[in-house]
Amino acid sequence: MKISKSEFAARRKRLMAEMAPNSVAIIPAAREVTRSRDTEYPFRQNSDFFYLTGFQEPDGILVLIPGRRQGQVIMFCRDRDPERELWDGYRQGPEGVVKNFGMNDAYPVSDVDDIVPGLIEGRSTIYFSMGHDDAFDRQVLGWVNSIRAKVRTGAKPPGDISDLSFLLHEHRLIKSEAEIRVMQRAADISAEAHSRAMRESKPGRYEYHLESAIQHTFAEHGARFPAYNPIVGSGKNACCLHYTENNCKMAEGDLVLIDAGCEYEGYAADITRTFPVAGRFTREQRAIYDVVLKSQLAAIAATKPGKKWNHPHDVTVKVITQGLVDLGLLSGDVDELIKDGAYTDFYMHRAGHWLGLDVHDVGEYRIDGKWRPLEPGMVLTIEPGIYVAADNMNVDAKWRGIGVRIEDDVVVTEKGCHVLTANVPKDATEIEALMAAA
């Protein structure tokens with residue numbers, strides 16, 4: 001299951017149709033990054049570059065020149081090199097890039113400084129997202145300056161440099177049917193991994209045992225890498241929002257919070273589930289869990305086209321604040337507590353974010369200073385939580401150290417939304433039944 005070559009071509013065509021007349025866009029691929037001495041981290045492509053090409057090699061550069069008769073889509077890539085390919089793996093080379101990825105033309109990246117200045121000379125605008133790679137920023141400015149240095153000979157430097165992300169990221173925000181299918185697969189793999197972690201949880205095991213079960217399930221289904229570093233926090237660690245040490249022994253009577261999702265064909269899943277290490281919630285854990293679940297279900301029901309981005313978050317705040325009052329963790333009028341932000345002692349993050357090629361995907365949340373309306377094809381997470389810090393002396397001791405977050409991925413549809421990650425249990429009774437049957 002992959003995005004088709006024709007869809008990548010359609011993305012490029014759509015972007016070029018919105019570019020200014022006589023302009024050019026430059027999009028670099030990612031580089032390999034050193035992990036230690038002479039070894040590298042696993043390569044991960046630049047999401048903008050991948051969105052427009054599907055090409056998974058480092059060091060490429062895509063150049064889009066709408067209306068150019070000799071070819072509008074040009075890529076610079078690593079040349080074929082039998083000796084390096086023997087050690088490091090196969091390369092497409094310029095011929096492979098043209099044949100297999102639909103470029104009009106391709107050249108060795110070693111020729112880029114000789115060719116690109118001629119492609120950008122006289123253009124009204126260069127679309128380029130500056131500020132992400134200092135070395136490439138300098139390279140682009142070097143091309144521009146090389147033209148400026150020849151002004152007296154009649155050379156005409158580009159008139160303007162504009163951030164490509166304003167155009168491209170709006171395209172990425174609305175997912176196609178093919179993208180939704182790939183994201184559904186990522187969600188299904190991740191859901192299976194979470195269910196396995198529930199089945200394998202036992203007091204005395206370590207958090208990293210559940211992390212390994214998650215990672216193994218990802219890999220055996222073709223998703224070799226997580227979309228982000230998995231969080232496996234038991235006991236009070238569940239109250240640390242981005243805890244990733246994952247090295248503590250899990251104890252009887254504790255909850256464990258797992259926030260993990262795979263990356264499949266470039267697209268991320270993002271799921272959080274919280275469950276009892278030994279398979280049974282205590283009364284206090286269940287009480288908090290049910291408040292979080294109620295808020296999440298209400299937010300999902302409120303996720304519809306036309307509703308503002310912030311609406312699901314506001315719904316979670318209202319349900320959680322009421323729940324905190326009912327449990328005695330807050331006291332006072334709910335509306336006043338919301339107005340004063342009293343709930344943020346227990347619920348200190350927003351209810352979600354965009355999801356796509358990046359786990360915190362691109363796209364503006366506000367338009368002209370106002371929350372934007374949701375549209376069909378947008379994919380977002382809904383992830384409310386309640387966290388009672390272990391050192392919170394303002395609450396009864398029975399609540400301290402309980403952290404609960406429940407997160408699903410949803411795609412906005414014409415009439416509401418569809419939960420991509422519905423295949424992993426989240427009702428407390430269903431979780432207990434799954435763990436009891438393991």
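This chat walks through a few parts of a predicted model.

Q: What kind of model is this, and how are residues numbered?
A: The model is predicted: local features need pLDDT of at least 70, side-chain atom pairs count only at pLDDT 80 or more, and totals for chains, interfaces and linings use all residues. Residues are numbered from 1 along each chain as its sequence is written, and side-chain values use heavy atoms, with hydrogens and water left out.

Q: Start with helix 5. Which residues are buried there?
A: Val112, Val116, Pro117, Leu119 and Ile120, in a helix covering residues 112-120. Buried means under 20% relative accessible area, exposed over 50%, and partly exposed in between (1.4 Å probe, protein chains only). Helices (H or I, at least four residues) and strands (E, at least two) are DSSP runs, numbered from the N terminus.

Q: What sits on the face turned away?
A: The exposed residues Asp114 and Gly118.

Q: And what comes after helix 5?
A: Gly122 follows, with a positive phi near 80°.

Q: New topic: strand 20. Is it buried or exposed?
A: Five of its five residues, 408-412, are buried, so strand 20 is largely enclosed by the rest of the structure.

Q: Which residues lie on which side?
A: Asp408, Val410 and Val412 are on one side, Asp409 and Val411 on the other. Both faces are covered.

Q: Which strands does strand 20 pair with?
A: Strand 17 (residues 379-382) is joined to strand 20 by four bridges. Three bridges join strand 20 to strand 21 (residues 417-419). Strands 17 and 20 run antiparallel, and strands 20 and 21 do too. Two strands pair if DSSP finds at least two bridges between them.

Q: Which residues are bridge partners?
A: Leu380 partners Val410 in strand 20. Val412 partners Cys417 in strand 21.

Q: How many residues are in the hairpin between strands 20 and 21?
A: Four residues join strand 20 to strand 21 there.

Q: Last one: what does the side chain of Ser4 touch?
A: It makes a polar contact with the side chain of Ser6, at 3.0 Å. A polar contact is a pair of N or O atoms within 3.5 Å; within protein, one must be able to donate a hydrogen and the other to accept it, and residues adjacent in sequence count only if both atoms are side-chain atoms.
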